[in-house]
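Dear colleague,

My notes on it follow directly after.

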Amino acid sequence: MVMKETEHESFWKGNFGDEYTDRNRCGEMMIACRVGNLAKCLSRADYIHSSLEVGSNIGYNEIALQKLYPTICMDVVEINEKAAKECSLIQNVNVHNTSIYNFEADKQYDLTFVNGVLIYIDSDKLEKVYEKLYSYSRKYILIIEYYNPVPVEVNYRGYNGQLCKRDFAGEMLEKYKDLELLDYGFIYHKDKAFPMDDFNWFLLLKK
């Protein structure tokens, strides 16, 4: 069943999503930072043969994952058409240009993950996204997001109601009792080796 488009979906499908894509282009140094940080996040995981990213933008994480796991097969869900088209140019990436609410798959992946996406999801739709991450994961779920112990809205580039920090991993651990917190950490913008935005990350194991 196709859901009616939410305000957040329209926001990211349109001009703002296009501008975000252009604003966040990066060079080889930033790719190296993503490789380094994903290597840390997944250091306790087995070899990843397949992955599903929700909200891939133009696929920098997929480029990084290929460097870590050369034989990996990757699917991504990306709502913005401009970003999805660019991501589709990456080898071994199957792009689904749709909303995560409408995405359906007939398989599971070694890893499902999000990187700076859950913060933009409507609070009343989060459980639907959690269910997608959980049900399509064969073994691991990686959450890389802004963290706060309780939900708190943050003004985002002059827009209210578009970004909310909360304990996404904690909510998933509470919801799905067969998930285990395998590892967690913090990505710091002043890291001398792999500087990126300030994010907390959580690697969950599906038992």
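Please bear in mind that the model is predicted.

**The cavity**

The largest cavity holds about 70 Å³ of space. Its lining is made up of Arg34, Asn37, Leu38, Cys41, Asn61, Asn115, Ile144, Ile187, Met196 and Phe199. Helix 3 (residues 28-41) supplies the largest share of this lining, with 4 residues.

**Aspartate 75**

Aspartate 75 belongs to strand 2, which covers residues 73-77. Its relative accessible area is 5%, and because this is under 20%, aspartate 75 counts as buried. The side chain of aspartate 75 forms a polar contact with the side chain of asparagine 94, at 3.2 Å. Residues up to four places away in sequence aside, aspartate 75 touches Ser51, Leu52, Glu53, Asn94, His96, Lys107 and Tyr109.

**Cysteine 164**

Cysteine 164 lies in strand 7 (residues 164-165). With a relative accessible area of 15%, cysteine 164 is likewise buried, because the value falls under 20%. Apart from neighbours within four places in sequence, cysteine 164 is in contact with Ile119, Pro151, Val152 and Glu153. Valine 154 is 10 residues from cysteine 164 in sequence, and the C-alpha atoms of the two are 5.9 Å apart in space.

Yours sincerely

Note on methods:
Residues are numbered from 1 along each chain as its sequence is written. This is a predicted model: local features need pLDDT of at least 70, side-chain atom pairs count only at pLDDT 80 or more; totals for chains, interfaces and linings use all residues. Side-chain values use heavy atoms; hydrogens and water are left out. Helices (H or I, at least four residues) and strands (E, at least two) are DSSP runs, numbered from the N terminus. Buried means under 20% relative accessible area, exposed over 50%, partly exposed in between (1.4 Å probe, protein chains only). A polar contact is a pair of N or O atoms within 3.5 Å; within protein, one must be able to donate a hydrogen and the other to accept it, and residues adjacent in sequence count only if both atoms are side-chain atoms. Contact means heavy atoms within 4.5 Å. On a 1 Å grid over the protein atoms alone, a cavity is a set of points where a 1.4 Å probe fits but cannot get out, and a pocket is an open set with protein on both sides within 12 Å along at least five of seven lines; lining residues have an atom within 4 Å of a point. Grid points are joined across faces, edges and corners, and a volume is the space filled by probe spheres set on the points.
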